[in-house]
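Work through the exercises below with the model open. Each task is followed by its solution.

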Amino acid sequence: MADIIQLLPDHVANQIAAGEVVQRPASVVKELVENAIDADATSIKLIIKDAGKTQIQVIDDGKGMSDTDARMSFERHATSKIKSAEDLFQLQTKGFRGEALASIAAIAHVELKTKPDYQDLGTAIVIEGSQVKSQEVVVTPKGTSISVKNLFFNIPARRNFLKSNTVELRHIIDEFHRVALAHPTIEFIMYHNGGELFNLPKTNYRQRIVNIFGSKTNEKLVPVEETTEIVTISGFVAKPEYSRKTKTEQFFFVNNRFIKSAYLNHAVNAAFDGLIKDTYHPSYFLNLQVNPESIDINIHPTKTEIKFEDEHTLYAIIRSAVKHSLGQFNVAPVLDFESDQNLNTPYNYKDKAASAPGIQVDRNYNPFKESSFKSQGFQKSPQPHWESLYVETATDSNDDNFSNIEFESKAENSVLFDDQHKEKKQSTFQLQQKYIVSTLKSGLLIIDQYRAHQRILYESLLKSMTVKTAVTQQLLFQLKLNFSKSDMEILKELQTELEQAGFVFASFESEYLEITGVPFNVSDSEITIIFEQLISDIENDVPEANFSATDLLAKSMAKSLAVKRGQYLTIAEQDHMVNSLFACKEPSVSPSNKATFITIGTDKIDRKFI
Ligand code: ADP
Ligand code: MG
């Protein structure tokens, strides 16, 4: 048989390898900025168009390249950073594989301009899909400028796979934060679609953090310093009261390289144990300097995990260093054993017998009536008749998969029980303030109140947002909310949708939001929750490529506004919830596709009694 093995042509091999290095625009940003740092740049400019889908450009004032090096830099395994395998264990640079430029040039239109200090003229190279289109001598300042356009132009599948601009920009900003935090002594400037997003002058670490995350950050930071034989730790943690719902302000750097480590993250969490709520995460910015020989970073180029020689000791050191700082800066609660208890008790209570605190429940409180119930969409009606709001959806729903849900007729079950609620016969009860239980002809119906309410709100919000019937209530006092610049970028992308939902903004500045109006039925205390949830939803569950901002906002708001598990519901509220749920288009699942209710057939119950 004839030989059949062939070597792949270079450009095909490059294209395949490129997939590993370049997953999205943010990967290009990371590689180019790291190259600029390796070239000893003191100032780096990042210019982004359309979240990197149209253009990514990095301009540095580093050492530049000679014309031969400029041409060589696009070859696979071309690197100036290591010469032998031993060098791998003493790495001081970010790059070393010599793959990035070759990979990027294989799948994009690249324009390089570069000039070393010792030459008067520089080199310009245009390269598209690994093909060199031109190489010229040009006038250009010292340093390097690389512009990458039309990423994945020759791999349509990859291009289509890119997420929305909101998501891709988020990834770029994340990368930008990571390198900018690791190098406070380098100036970084970032532009997006012509506007300046970040302008970070050369400074110290603390100031760099503040410049990135906003002026309010300064008061939150507590320094952490520790020097031991195996590691030198420096950096900051945020005081416990500033912990966040998201994990976005958690940074570990090892020898100035951003890394992720669930294990070391656990060490910091352990230091905060008992100081913050379970669902919150501490913010930290910690630099670890270790002997390069004690770590192994020679793994996948895009991975941020590294291996440590002595992870357990490192864990213990980090935990105690953070604990020590929190203690030293008096942020841990102080137990005062010295003081005399009697002195702390108001004298007229001193000899009084203790009595159990009373519990007051407003039995008439009905969140489904009046303004406190939010499921009415944002349609203002003084005496809400939810039925009328759901007329269309109710008919739609008949052909759905729950059409076999038939409630037991109320006349039948009223005989056994006293009718305590004059206006309504009890057909539901609440189980552990989590579930609403009701009877069906065929058995039992158990509804998850949180998920069910999310479904109801979601459909109603979606409707008012798409039909643009949202009703706004003006705030008495305009509300100013502070966000980091990157969070503001996320919110800006959603401005139209937020306005459709009923929000009115007085200003959309780079670090704060002024709100003058909110959707009807959203209370003051819920506004911050809605925005925090929204940011955390985008950061944590990266939406699908075909995601719609309206849908995301409706889901997120429904999550914020829904009655939570653990909330007491009156009979009327339970009843209302059941009816509203089954008037939905898709009552059986929550907006995030989880079951809203289950049924247990009488036959199954019968079998239990055999
Ligand atoms: P690596 O960074 O792993 O060496 P790259 O493909 O990223 O591989 O870059 C190849 C080479 O091109 C680098 O080793 C460096 O010599 C040169 N180079 C790349 N970017 C720059 C830059 N901004 N300034 C100076 N030289 C650069
Ligand atoms: Mg590189």
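**Exercise 1.** State which strands helix H2 lies across.

Solution. Helix H2 (residues 25–38) lies across strand E1 (43–49), strand E2 (55–60), strand E6 (143–149) and strand E7 (187–192). H2 runs at about 10 degrees to E2. The model is predicted: local features need pLDDT of at least 70, side-chain atom pairs count only at pLDDT 80 or more, and totals for chains, interfaces and linings use all residues. Residues are numbered from 1 along each chain as its sequence is written.

**Exercise 2.** Give the strand order of the open sheet and name its edge strands.

Solution. The order of the 8 strands is E5-E4-E3-E6-E2-E1-E7-E8, with mixed pairing. Strand E5 (131–138) and strand E8 (195–200) are the edges, each pairing on one side only. From one strand to the next, the twist averages 10 degrees. Two strands pair if DSSP finds at least two bridges between them. Strand E3 (residues 109–115) and strand E4 (residues 122–128) run antiparallel and are joined by 6 bridges.

**Exercise 3.** Classify the crossing of helices H14 and H19 by angle.

Solution. The axes of H14 (residues 449–466) and H19 (residues 571–582) come within 9 Å and cross at roughly 50 degrees. H14 is therefore oblique to H19; angles under 35 degrees count as roughly parallel, over 145 as roughly antiparallel, 65 to 115 as roughly perpendicular and the rest as oblique.

**Exercise 4.** Decide whether Asn 287 is buried or exposed.

Solution. Asn 287 lies in strand E13 (residues 284–289). Its relative accessible area is 11%, so Asn 287 is buried (under 20%; exposed is over 50%, partly exposed in between, with a 1.4 Å probe and protein chains only).

Note on methods:
Chains are lettered from A and ligands numbered from 1 in the order in which they are written. Side-chain values use heavy atoms; hydrogens and water are left out. Axes are lines fitted to C-alpha atoms, for helices over the stretch in contact, and angles run from 0 to 180 degrees between N-to-C directions. Helices (H or I, at least four residues) and strands (E, at least two) are DSSP runs, numbered from the N terminus. Contact means heavy atoms within 4.5 Å.
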